[in-house]
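This report describes the fold, dimensions, surface and core of one protein model.

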Amino acid sequence: MRYVTLPGIKSTFVILLIMNIGHILDAGFELQYLLGNGLTVDWSQTIDIFVLKYGISMGNYSLATAAGIFKTIVSVVLVFVANYIAKRLGEERLV
């Protein structure tokens, strides 16, 4: 297994890692939003709930947009870093 199977699926593993690393900041908005209550809101707030709370509820669209753009930029940077690491390892890459 160590000498045949794992080297054979290494390129597939690297491609899947690159494609999924951009979703690392997604924490499942629906579950957190539906199960959140007044007692846990201070400790369970994610970026998505923060954007919803400040953008729609409070009308502070600029702060909510900045938080959403920050999340997007961090995700894109993580994808490019994973792609660069794959390039350095000599594996297949997406870009």
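The sections below go from the basis of the model to its core.

## Basis

This is a predicted model, in which local features need pLDDT of at least 70, side-chain atom pairs count only at pLDDT 80 or more, and totals for chains, interfaces and linings use all residues. Residues are numbered from 1 along each chain as its sequence is written, and side-chain values use heavy atoms, with hydrogens and water left out.

## Fold and dimensions

The protein has 4 helices and 0 strands, in the order α-α-α-α along the sequence. Helices are DSSP runs of H or I with at least four residues, strands are runs of E with at least two, and numbering starts at the N terminus.

The C-alpha trace spans about 55 × 25 × 15 Å along its principal axes.

## Burial and surface

Of the 95 residues, 16% are buried (under 20% relative accessible area, 1.4 Å probe, protein chains only). Carbon and sulfur atoms account for 67% of an accessible surface of about 7400 Å² (Shrake-Rupley method, 1.4 Å probe).

## Core

The largest nonpolar core has 5 residues: V14, I18, I21, A82 and A86. Helix 1 (5-20) and helix 4 (61-89) each give two or more residues to this core. Such a core is a set of buried Ala, Val, Leu, Ile, Met, Phe, Trp, Tyr and Cys residues joined through side-chain atoms within 4.5 Å.

Leaving aside residues up to four places away in sequence, A86 touches V14, I18, E91, E92 and R93 (contact: heavy atoms within 4.5 Å).

Technical notes. Buried means under 20% relative accessible area, exposed over 50%, partly exposed in between (1.4 Å probe, protein chains only).
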